[in-house]
Amino acid sequence: MGAAIAAPCSFHALSRRHAERAPRACLLSAGDSAPRAAAGALALELCDLHAVGVDERLIDDLRGVTVAYPQWTARSTPGVTWLQGTLSPIPGLSDTALVTTKFPHDLSVAVESWAWWDMGVWIGPLHTNYGRGSICTHEIRHGTWVRGRDRLWQLLDLISVWVVRQMHVRYLGFWPGRQVLHTPEERLRDHLPGDLCGCDRLGLTFDACCRTRDEAHARTFRTVRPFPSRRPAPDVLTLAYTAV
Ligand SMILES: [Zn+2]
């Protein structure tokens, strides 16, 4: 199971700071429960985005988030809108993830998200991306979500499912369902007992599929290649916590 890495700020401190900053430039006010209630604050934000020439498709994308996730807030800085909100995906369970999403106004730049359990514990490294530790909701070649084709709220839905899978690991100790782990090193490092094999051959666990071959590979190629980092870089933490 992946190690829990503490973020420098606690969840409650973040939430408090978030609430303090929200009124000035917030897409949605915390506690808005209906799209109509959000419309006033949203109109101000969208006017600002119109004024600086942000693509109407992106503004419409943000509008869609306000309907699907009215509890989320957002704030725009030049070139980027930062969104933040909590997800408690299973009624009756207290598990709550605080999610920060970086939404660049340049359609050619990827949308990135990071998540923390309450108390500021970063959710990872399982199924996060190398380099910046952002959430990996799906295998890119599967085309599950594509920027410009699909809506942002649909990506947030995928993140909700990702949070549920992380809860599954938390409670039951293995990753539920299909997953893709490309290399023997990744499979040996990230597989938990009972996981389906990351080679994505449906229905076989890692033990019944690639483990023997991957272990032979590891014995043959004994050179240890350090893995790139998979945790939020300091600049991401700074940007995320000061922009929203
Ligand atoms: Zn396999």
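Helix axes here are lines fitted to C-alpha atoms over the stretch in contact, and their angles run from 0 to 180 degrees between N-to-C directions. The model is predicted.

**Figure 1. Helices α3 and α4 cross.** The axes of α3 and α4 come within 7 Å. They cross at roughly 50°.

**Figure 2. The contact between α3 and α4.** From α3 come D61, L62, G64, V65 and A68. They meet L152, W153 and L156 of α4. By class, the contact has six nonpolar residues, one polar and one charged.

**Figure 3. The span of α4.** Helix α4 holds 21 residues, 152-172. At 1.5 Å a residue, α4 should span 30 Å. Its end C-alpha atoms are 30 Å apart, which agrees.

**Figure 4. The buried side of α4.** Seen here are the buried residues L152, L155, L156, I159, W162, V163 and Q166. They cover an arc of only 105° around the axis, so they lie on the same side of α4. An α-helix has 3.6 residues a turn, so residues three or four places apart point the same way. What covers the buried residues of α4 includes helix α3 (56-68). Strands β3 (80-87), β4 (97-104) and β5 (112-117) are also among the covering elements.

**Figure 5. The other side of α4, and what follows the helix.** Y171 and L172 are exposed on the other side of α4. G173 follows α4. The phi of G173 is positive, near 85°.

Key. Residues numbered from 1 in each chain as written. Predicted model: local features only at pLDDT ≥ 70, side-chain atom pairs only at ≥ 80, totals over all residues. Helix = DSSP H or I, 4+ residues; strand = E, 2+ residues; numbered from the N terminus. Expected span 1.5 Å × (residues − 1). Buried ≥ 20, exposed ≤ 12 C-beta atoms within 10 Å, placed from the backbone. Arc of directions from axis to C-beta. Contact = placed C-beta atoms within 7 Å. Nonpolar A, V, L, I, M, F, W, Y, C, P; charged D, E, K, R; others polar.
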